[in-house]
Number of protein chains: 2
Amino acid sequence: MREVVVIGVGMHPFGKYLEKGLKELGREAVWRAVEDAGVSLPDIQVAYVSNALAGLITGQEGVRGEVVLRDAGFSGIPIINVENACASASTAFRGAWLEVASGMADVALALGVEKLYTEDTRQSIKALAADSDLELGRLGFQFTSYYAMELKKYMQRSGATREHFAQVVVKNSLNGSLNPHAQHRRPLSLAEVLGSRVIADPLTLYMCSSMADGAAAAILCAKEVAHKFTSGPLVEVATCCLRSGMFRRPGEETESSTTITVKQAYDMAGVGPEDIDVVEVHDAMAPAELMIYEELGLCGPNEGPMLIEEGATTLKGRIPVNPSGGLAAKGHPVGATGLAQLSEIVWHLRGQAGARQVEGARVGMVHNVGGFVEWDNAANTITILKR
Amino acid sequence: MREVVVIGVGMHPFGKYLEKGLKELGREAVWRAVEDAGVSLPDIQVAYVSNALAGLITGQEGVRGEVVLRDAGFSGIPIINVENACASASTAFRGAWLEVASGMADVALALGVEKLYTEDTRQSIKALAADSDLELGRLGFQFTSYYAMELKKYMQRSGATREHFAQVVVKNSLNGSLNPHAQHRRPLSLAEVLGSRVIADPLTLYMCSSMADGAAAAILCAKEVAHKFTSGPLVEVATCCLRSGMFRRPGEETESSTTITVKQAYDMAGVGPEDIDVVEVHDAMAPAELMIYEELGLCGPNEGPMLIEEGATTLKGRIPVNPSGGLAAKGHPVGATGLAQLSEIVWHLRGQAGARQVEGARVGMVHNVGGFVEWDNAANTITILKR
């Protein structure tokens, strides 16, 4: 397998864009990434396109990537449409990585694009509900209530309080206020977060990610030919691991799928949690960050609350987490989220993250999970990037 | 890149199964392929799952592969959901091939599964219409009328008659009558085909593929470890090419995307059309076979009618095409079709195709296309398999 580098990333800012469709959102992200990479369109030999919900929201069920990329100017290349719920974009990234690593292509594009806002938002809400297994859907299951239940259990075992949970949002909203691609850019106070409407106890409104429109793209290249396109700093893909959930009985206590996946990723990348300088985690509900710290090995069992108390995960802390603002500040256009997380890490490793730059970051990690099947995440992804 | 072999294939017969869902259909295909390959489930390290329309038909928009494969007994492997309209299953096959060829996995599964029949078939018809670009959808475009227009032009330039078109269906319905996996298994006469209801002139009812439920799966393995699982004949994947459509103006006469793709495939596989012993082509409307003969280089320009007159593409002919019965006889469960075509070729290369066996077949080809974006197929795939 060849060494693979990311030579360009680009985003359409996340937010509400009623006047734009998949094509307009996707085109902007792709063209920004193309410009960033210094490639021209014909250099790109293969594309992976992720979108999670257009079939239900806009009726564009088939060949979404071909429709978006034709509009963006592509012709006659392999285009693979992939889906893995909220982890769709990391799945697209993994595909592009494998194409280049295997030698099948020298330059590959990964694009994640999602359009959730419509004139009738009930349509989108319904689509999100259908995102998990149908049987759970029939039971009234949805992600917010699941997270709430898990967080209640976490409070019991770790001593985490509502204030700890709110503190995560305070940190991330401050980061988001520095991110021009974020949907919500106002720093929130502890009182505001705690005082906002209860969605599913212990979750309040500001703790939950919001739906968004948006797109993000990355251009991957064989390291051996990257000099043809860019003289800038190269960001290596150390690994990109994807695993479906584990079979387990309800209530069975085993290592989480995320933990199993991150151990595999550390192993493949030849690093440990102590080597990681900056992390983007999938905090569809921001307080889950505390549990994810542990799952990723960034702290020991039940030490999540301590990390947030100490400010260890702030931009200036020991191990900054979600410098982008995370899903709650940045917005969560499902099929685009993973590539936005990856773009963020690329900017930090290059020293291009502006006011939210994590100083001296050389190794970064993205945690992006999606879906829910029989009491576990459907898809777990961990990507490790190195300067 | 390593040599890759197909060590197992399996299908759920195509047809109308109102009582079955994606899980039941998918499970049967996977377990049959697993048994055929001599592997056990934990041997399978990665899976690509294709489905084109469940989002619109059943509401299962997200993580379809995880839902189906969890039910089939899989736990903790990378599962990639792919979609490329009618070419979805060949796209899944290509992904599995790349995983093994690259060395990322030794054993990979490709599964195509589709559920189109519901109590209310209008739902499925609506979903099929949405399968192409939205703008064409708004213009009332759908595949049957597009094929009809293309066939009219073909009649003008080649001299093909309605009788030639019907003769393709007569040939394929005879083949389908010998195929236990086919939806329609009654041999049709020329008079029956010509006399059936006109759908879009020159197409009559029996010339059109029907929607179906079904699933098909293949297990791919590195050639160097295949002996661990099977002592049977190995079928090598010589190549699997995927290309999106070409940019062209309406009416512009250039080489078709299929021709460009097949030339690339011949080149990669080191064979020419004269080396091919058996072919499965994507004849969503059976008469299109005549045009596809030319596109694949099986005959010269405008010689399609001659091929069918001579019986060259019958089971005993010079170059048998659609021994399975093709899409019109076999049925067309969109996201499963490509893997059914591939399974058919594997059976022929192994000498296991029963009464429809093409004698001595050593090199086979699958043509599977999907979607439609700006006057061209969205996705073109050509796979070449060798004994």
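# Briefing: chains A and B

Helix H1(A) is followed by A:Gly38, whose phi is positive, near 75 degrees. The model is predicted. In it, 50 residues of chain B are in contact with 50 residues of chain A. Chain A itself is assigned two domains, domain 1 (4–120 + 212–237) and domain 2 (121–208 + 239–386).

**Helix H1 of chain A**

- H1(A) covers residues 22–37, 16 residues in total.
- From its first C-alpha to its last, H1(A) reaches 22 Å, close to the 22 Å expected at 1.5 Å a residue.
- Buried positions in H1(A) include A:Leu22, A:Leu25, A:Val30, A:Ala33 and A:Val34.

**Between the chains**

- On chain B, the side that touches chain A draws at least two residues from each of helix H2 (54–57), helix H3 (64–72), strand S3 (79–83), helix H4 (88–102), strand S8 (235–244), S10 and strand S11 (377–386).
- S3(B) gives the largest share of that side, five residues.
- By class, the side of chain B that touches chain A has 26 nonpolar, 16 polar and eight charged residues.
- Strand S3 (residues 79–83) of chain A and S3(B) run antiparallel, joined by three bridges.
- Within this pairing, A:Val82 has B:Val82 as its bridge partner.

**Between the domains of chain A**

- The centres of domain 1 and domain 2 of chain A, taken over C-alpha atoms, are 23 Å apart.
- Contact between them involves 44 residues of domain 1 of chain A and 42 residues of domain 2 of chain A.
- S1, H2, helix H4 (88–102), S4, S7 and strand S8 (235–244) of chain A each supply at least two residues of the domain 1 side.
- H4(A) gives the most to that side, with eight residues.
- The domain 1 side divides into 28 nonpolar, eleven polar and five charged residues.

**Strand S8 of chain A and its partners**

- Nine of the ten residues of S8(A) are buried, so the strand is mostly covered.
- S1(A) and S8(A) run antiparallel, with two bridges between them.
- A:Val5 has A:Glu236 as its bridge partner in S8(A).
- S8(A) also pairs with strand S11 (residues 377–386) of chain A, in the antiparallel sense, over eight bridges.
- There, A:Glu236 stands opposite A:Lys386 in S11(A).

**Nonpolar core**

- The largest nonpolar core has 276 residues.
- Those with the most contacts inside this core are A:Ala110, A:Ala217, A:Leu220, B:Ala110, B:Ala217 and B:Leu220.
- Leaving aside neighbours within four places in sequence, B:Leu220 is in contact with B:Val4, B:Val6, B:Ala96, B:Trp97, B:Val100, B:Ala108, B:Ala110 and B:Val237.
- In soluble globular proteins, nonpolar side chains tend to be buried together.

**Backbone points to check**

- The peptide bond from A:Asp201 to A:Pro202 is cis, with omega near 10 degrees.
- A:Pro202 sits in the loop between strand S5 (198–200) and strand S6 (203–204) of chain A.
- In chain B, the bond from B:Asp201 to B:Pro202 is cis too, with omega near 10 degrees.
- The loop holding B:Pro202 runs between strand S5 (198–200) and strand S6 (203–204) of chain B.
- A:Ala85 has a positive phi, near 50 degrees, although it is a residue other than glycine.
- A:Ala85 belongs to the loop between S3 and H4 of chain A.
- A:Ala85 counts as buried because 28 other C-beta atoms lie within 10 Å, and the cut-off is 20 or more.
- B:Val63, also a residue other than glycine, has a positive phi near 45 degrees.
- B:Val63 is in the loop between H2 and H3 of chain B.
- B:Val63 is buried because it has 32 other C-beta atoms within 10 Å.

**A loop residue in chain B**

- B:Ala353 is in the loop between helix H14 (337–350) and strand S10 (363–372) of chain B.
- B:Ala353 is buried because it has 22 C-beta neighbours inside 10 Å.
- Its contacts, leaving aside neighbours within four places in sequence, are B:Pro323, B:Trp347, B:His348 and B:Val358.
- B:Pro323 is 30 residues from B:Ala353 along the chain, and their C-alpha atoms are separated by 9.1 Å.

Note on methods
Residues are numbered from 1 along each chain as its sequence is written. Chains are lettered from A and ligands numbered from 1 in the order in which they are written. This is a predicted model: local features need pLDDT of at least 70, side-chain atom pairs count only at pLDDT 80 or more; totals for chains, interfaces and linings use all residues. Helices (H or I, at least four residues) and strands (E, at least two) are DSSP runs, numbered from the N terminus. A residue is buried if 20 or more other C-beta atoms lie within 10 Å of its own, exposed if 12 or fewer, and partly exposed in between; C-beta atoms are placed from the backbone. Two residues are in contact if their C-beta atoms, placed from the backbone, lie within 7 Å. Ala, Val, Leu, Ile, Met, Phe, Trp, Tyr, Cys and Pro count as nonpolar, Asp, Glu, Lys and Arg as charged, and the others, Gly among them, as polar. Two strands pair if DSSP finds at least two bridges between them. The expected span of a helix is 1.5 Å times one less than its number of residues. Domain bounds come from an automatic or database domain assignment. A nonpolar core is a set of buried Ala, Val, Leu, Ile, Met, Phe, Trp, Tyr and Cys residues joined through C-beta atoms within 7 Å.
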